[in-house]
Amino acid sequence: MKSAVSSLVRSNNSPISRTLLYHSSKPISQSPFFLSNTPKNLFNQRYQKLQFSPNSTSIMASLSKSEQAREPPALPLPSPPLSKFKIGLCQLSVTPDKERNIKHARKAIEEAAQKGAQLVLLPEIWNSPYSNDSFPVYAEDIDAGGDASPSTAMLSEVASRLKITIVGGSIPERCGDKLYNTCCVFGTDGKLKAKHRKIHLFDIDIPGKITFMESKTLTAGETPTVVDTDVGRIGIGICYDIRFTELAMIYAARGAHLICYPGAFNMTTGPLHWELSQRARAMDNQLYVATCSPARDPGAGYVAWGHSTLVGPFGEVLATTEHEEDIIIAEIDYSILEQRR
């Protein structure tokens, strides 16, 4: 799957490059075509090296041939391992007590599983306060595991014991001298199936409203993440990743049934764009989108909007909640994906 994703990103006529070509002010015959005016975090140094080698065929003529519009072609929607299942969205309260946060998350996962959830999604940064001061203190060495990463050790143990798939929200990850905002996916055997590092860091400065700069402490990830699980093929994004349509397009083109976005939108952007972004990504790509936020703490330095949600492939809200702590149990029915498309 990693190679499949990489091949799509490298391709000359991927959905990403085609989107950019639509907005290019230069004729396609000019060479070379660099991806230089793209969102800085998704297309970092790795993607800035991509080139498009044009031929003599006009762009309008090539776009009229749908079978040639993408190279390599999008994958057909794979048959999921099951048609219907329940997902649990655990909107958790987060405190400065890391040990408490881990125990609290464990209890919520167990409760969701007792209610029938075969897939459980946790919030963004659920084991730590959401602050640049906290990230270095609460960060864990996920690759080392064990005592070096008690949060992921808990997720692995619970996934194996309950035989469920866990998209473990995100935690601050330490790797060498760098920190990442990282989501881990654990299979029903308790093994780590995927690790997604937040690609688009959230830097915002709205005078009188909110100022937060993730880039002061965190490093941006570089790789889209698609993972095959016992509950289908899942694409992973974290919070601000949801604003970038190209990432969701990659996941849809690689055959994802569902995109999970643990996220902590704030009290300024949350009311405006949290639900709207989820419905847009689901409708544009005709797949399921699940999000999970921390519960709102008015006394925190960063106040989360809440409203964890499951959205269907027509952009319809299937289940949601308010801002308090909650566990949402909802059904996903993959059999309607082909029908919707």
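In the predicted model, the side chains of lysine 198 and glutamate 124 form a salt bridge (a side-chain nitrogen of Lys or Arg within 4 Å of a carboxyl oxygen of Asp or Glu), with an N to O distance of 3.0 Å. The pair links distant parts of the chain, 74 residues apart: lysine 198 lies in the loop between strand E8 (192–197) and strand E9 (203–206), and glutamate 124 in the loop between strand E4 (117–121) and helix H6 (134–138). Helices (H or I, at least four residues) and strands (E, at least two) are DSSP runs, numbered from the N terminus. Lysine 198 also forms a salt bridge with glutamate 214, again at 3.0 Å. Both lysine 198 and glutamate 214 are buried, as is glutamate 124, at 0% relative accessible area (buried, under 20%; exposed, over 50%; partly exposed, in between; 1.4 Å probe, protein chains only).

In total, 14 salt bridges are counted. Glutamate 110 and arginine 161 meet at 2.7 Å, N to O; because the former lies in helix H5 (residues 98–114) and the latter in helix H7 (residues 150–162), the pair ties together parts 51 residues apart in sequence.

Residues are numbered from 1 along each chain as its sequence is written. Local features need pLDDT of at least 70, side-chain atom pairs count only at pLDDT 80 or more, totals for chains, interfaces and linings use all residues, and side-chain values use heavy atoms, hydrogens and water being left out.
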